[in-house]
Amino acid sequence: MSSINWVQLRLKLREDIVALPHFFRNPVQGMRTLPQWEWPTILVLQGAFAMACSILANFLERDFFGLVTGIVVAPLTNYLMAAIVAGFFYYFFKFFFKREISFRQIYIHVLFASIPLLIISTVAFLLPPLILLGMTTSLLLLFVGFIDNFQLPKRPIRNLLIGILAVHVVYWGFQQVRTTSKHKSLRQKASPETLDIRKRIKR
């Protein structure tokens, strides 16, 4: 019985995956005509895409430990983040707009809108600000999907997404300052002058 289910799943995946080329050709239009995927399709394709992006990113960074661990960690992390974001929007729409929109539909919107962010994250280590471009693009796609597909009011959704972007920019800036300070501190500890002082103290 289980083998029949796997065969059906493979056939369903072949039918559903057709939506991806359409989305990549025109992401804005793709957000307006998102597929009605069921959970098995969502989870399999989401996991595979997250895994592929993780493998590519770690390969480019030559992080071979991350290359191995990312095969498991990347899909699980992606599932968790998408569920948290979709859950946030689900309850926000429910309490502020009095709209109970299908969690699965919101999840699909979050999933497709996050594709640019995932792709850009594979090369963001070369130029860290690129991650802000990916985040902005993903939020713009969410705006298109929420307004056109759920008929939500434009101004509150726009303000909400701008607020999310602002928080992300502040957090990203904080992380960059923290990382730079940490690297600077390590360089100072490893400098010849510092090592010479330590030798004198030990004597």
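The dialogue below treats helix packing, a surface patch and a salt bridge in a predicted model.

Me: How is the packing of two helices described?

Reply: Two packed helices are described by the angle between their axes and by the distance between those axes. In this predicted model, helix H6 (residues 103–113) packs with helix H8 (residues 130–150) at an angle of about 145°, the axes being 8 Å apart. The crossing of H6 past H8 is right-handed.

Me: Which residues of H6 and H8 meet?

Reply: H6 contributes Gln105, Ile106, His109, Val110 and Ala113. From H8 come Ser138, Leu141, Leu142, Gly145, Phe146, Asn149 and Phe150. Sorted by class, this contact has seven nonpolar and five polar residues, and no charged ones.

Me: Which residues form the nonpolar patch on the surface?

Reply: The residues are Leu56, Phe59, Leu60, Phe64, Phe125, Leu126 and Leu127; together they have about 710 Å² of accessible area. Helix H4 (residues 39–60) gives the most to this patch, with three residues. Phe64, another member of the patch, belongs to helix H5 (residues 64–96).

Me: How many salt bridges does the structure hold, and which side chains meet in a salt bridge?

Reply: The structure holds one salt bridge. In the salt bridge, the side chain of Asp148 meets that of Arg32, at 2.3 Å from N to O.

Me: Which parts does the pair of Asp148 and Arg32 tie together?

Reply: Asp148 lies in helix H8 and Arg32 in helix H3 (residues 27–32), so the pair ties together parts that are 116 residues apart in sequence. H8 is also the helix that packs with H6.

Notes:
Residues numbered from 1 in each chain as written. Predicted model: local features only at pLDDT ≥ 70, side-chain atom pairs only at ≥ 80, totals over all residues. Heavy atoms only, no water. Axes fitted to C-alpha atoms, helices over the stretch in contact; angles between N-to-C directions. Helix = DSSP H or I, 4+ residues; strand = E, 2+ residues; numbered from the N terminus. Left-handed = near helix turned anticlockwise from the far one by under 90°. Contact = heavy atoms within 4.5 Å. Nonpolar A, V, L, I, M, F, W, Y, C, P; charged D, E, K, R; others polar. Patch = residues over 30% accessible without salt bridge, like charges linked within 9 Å, V, L, I, M, F, W, Y side chains within 5 Å. Areas by Shrake-Rupley, 256 points an atom, 1.4 Å probe, with all protein chains shown as cover. Salt bridge = Lys/Arg side-chain N within 4 Å of Asp/Glu carboxyl O.
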